[in-house]
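Have a look at the sequence and the model, then read on.

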Amino acid sequence: MAINPVPDHVPPEMVREFSLFTSPGMAPTPNGDPHAAVACVHAGPPIFYSSFNTRDGRGTWVITRARDQRRVLQDAETFSSHRSIFASALGENWPMIPLELDPPAHSVFRSLLNPLLSPKRVRLMEAAVRERAIALVERIAASGTSCDVMKDFAFPFTVNIFLRFLGLPDHRLDTFVGWANDLLHGDNVKRPAAARTIVAFIDELAAVRRKEPADDFMTFVVQAQVEGRRLTDEEVRGIGVLLFVAGLDTVAAAIGFDLAYLARNPKDQQWLRSEPDRIVLAAEELLRAYPTVQLIRVAKKDIDFEGAPIRKGDYVSCATMIANRDPAEFESPNTIDLARPDNRHAAFGYGPHRCLGSHLARREIVIGLEEWLARIPSFRIKQGTAPITSGGHVFGIENLILDWS
């Protein structure tokens, strides 16, 4: 992997050896804790430059304080959200919509899509979400006393919800998970191949829905209008790809990290099992402790930010896993307190680009934990196994084998 040189305008004293991809604890690690590993940056300066902090080896400014991250994420006039994070894998430059659009175009598409994932719409989906969770957990409970949580529960649960949203049957579930895994965690061969496959799938689905409308998300998108016109093919693709990427991996990873924590902390596990009304608040603390996404902005103009000479075109990293361990915002940030009050975490970002699907993600996590704890007795990491965690643009966990024998 080629590493870009540190730009001349970056003072040498502001460069630090840090990377969400290569620092200690970021590579796939048995029994790792990448969230605790990145929290060490709070012992250093509030902003510094990392020469390798993206999947393609680019350097970024790293904002460590939560309040400074909020300033960046709120200021769309100075910091663009468009960096073609998906399209760049294809050597192209089109945005995922609305995530990578800047105002005023962002507001147009956000207003179009907000009703589809509003709290009211999510409540209407909740019965189906819970039904799917119950079916999966009951099947796991009936089949034995251990399981691979990611393969048997987290991915099938969240991907099924995504498929229903798109109006697709379950039989391609494993295929979609494989695409997402290659895209988000694959190498320089698998990632562009997965991106091409996903684009072809989205384009084909859009073409089908134009000819054969259904009661689903993609039909809504191909029939939608903004500013008195139909969406272009590139806009339909940008929306479809964002839904695919956002819906397949991040929530499953969050559920995996949550269940790994509960497996290692039986008192907290039993507390939530005996008092399930506390799961909603506990889920917020688990979102704070184990967020999965690094947010990156691109400077649209020169600015001196908290002493850092950020120049037009510089990448600025607002890693949620760093903001959520900020001791200035959270008392004892590395302690998991499932009753933590006033939990203003940044798991879903901040500002105009705050996660469009946050309401659905929250309910998936809460319902997943509720139904798991209601049907699976006291569980632990299976002896002789070790969950493997990894850092990167999206933090992940795999090989999470739980045992309740």
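Q: Why is Arg380 called partly exposed?
A: Arg380 has a relative accessible area of 33%. Buried means under 20%, exposed over 50%, and partly exposed in between, with a 1.4 Å probe and protein chains only. The value of 33% falls in between, so Arg380 is partly exposed. Keep in mind that this is a predicted model, where local features need pLDDT of at least 70, side-chain atom pairs count only at pLDDT 80 or more, and totals for chains, interfaces and linings use all residues. Residues are numbered from 1 along each chain as its sequence is written, and side-chain values use heavy atoms, leaving out hydrogens and water.

Q: What makes Asp403 buried or exposed?
A: Asp403 has 10% relative accessibility, which is under 20%, so Asp403 counts as buried.

Q: How do you know that Arg380 and Asp403 meet in a salt bridge?
A: Their side chains come to 2.7 Å, N to O. A salt bridge asks for a side-chain nitrogen of Lys or Arg within 4 Å of a carboxyl oxygen of Asp or Glu, so this pair qualifies.

Q: What makes this a link between distant parts of the chain?
A: Arg380 lies in strand β12 (residues 380-381) and Asp403 in strand β15 (residues 401-403), 23 residues apart. Strands here are DSSP runs of E with at least two residues, helices are runs of H or I with at least four, and both are numbered from the N terminus.

Q: Why are Glu275 and Arg278 each called partly exposed?
A: Glu275 has a relative accessible area of 33%, and Arg278 is at 35%. Both values lie between the two limits, so each residue is partly exposed. The side chains of Glu275 and Arg278 meet in a salt bridge at 2.7 Å, N to O. By contrast, Arg209 and Asp216 are buried, and their side chains meet in a salt bridge at 2.5 Å, N to O.

Q: What makes α14 mostly covered?
A: Of its 18 residues, 13 are buried.

Q: How do you know that the span of α14 is close to the expected one?
A: Helix α14 (residues 358-375) reaches 26 Å from its first C-alpha to its last.

Conventions
The expected span of a helix is 1.5 Å times one less than its number of residues.
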